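Q: I would like to learn how to read salt bridges in a protein model. Please take me through the general idea and then the case at hand.

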Amino acid sequence: MVACPHSMDRLLRRFAEGEQNFPGINLTAANLTAAQLPFINLSDANLHRANLKRAFLPGADLVRAQLSQACLAEINLIGADLLRAHLHQADLYRALLSGSRLVGADLSHTTLVEASLDGTDLSGAMLRKANLQGANLKG
């Protein structure tokens, strides 16, 4: 199932008009490369295989979001809430996750190479076979 282009266009238009709440939206395989969506609420959203490379989502609510196999390389998720998010096999190369909450998140088989995870809460997160080479885990 692929996200309807109208769903993406509608989301971007409504966000530009000031709306920030899009819980449960289906954006499967959506192309949101370099999207500017600070503080957006995408809790319970389906972003499976979505492309969010270089997207700007600081403070985003991604609680229980489905982000498996998503491209999140170089994304800004500083201070984001990813409680119980599903990130299995996601690409988080050079992702900015400082101060974010990944409590109970599934990060198995993810690429976190050179990711910034300082001050990130990883309590109960599944990191089985995650690649953390060069990641900043301070704090």
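Q: How exposed is Arg64?

A: Arg64 is partly exposed, its relative accessible area being 38%. Here buried means under 20% relative accessible area, exposed over 50%, and partly exposed in between, with a 1.4 Å probe and protein chains only. The model is predicted: local features need pLDDT of at least 70, side-chain atom pairs count only at pLDDT 80 or more, and totals for chains, interfaces and linings use all residues. Residues are numbered from 1 along each chain as its sequence is written, and side-chain values use heavy atoms, leaving out hydrogens and water.

Q: What does Arg64 form with Asp44?

A: Side chains of opposite charge can pair when their charged atoms come close. A salt bridge is a side-chain nitrogen of Lys or Arg within 4 Å of a carboxyl oxygen of Asp or Glu. Arg64 and Asp44 form one, at 2.8 Å from N to O. This pair links distant parts of the chain, 20 residues apart, with both Arg64 and Asp44 in the segment after helix H1 (5-16). Helices (H or I, at least four residues) are DSSP runs, numbered from the N terminus. Asp44 is partly exposed, at 39%.

Q: How many salt bridges does this rule give?

A: The count comes to four salt bridges. Among them is the pair of Glu114 and Arg94, whose closest N and O atoms are 2.8 Å apart.

Q: Which side chain meets Glu19 in a salt bridge?

A: The partner of Glu19 is Arg14, at 2.6 Å from N to O. Glu19 is partly exposed at 29% relative accessibility, and Arg14 is partly exposed at 28%.

Notes:
Helix = DSSP H or I, 4+ residues; strand = E, 2+ residues; numbered from the N terminus.
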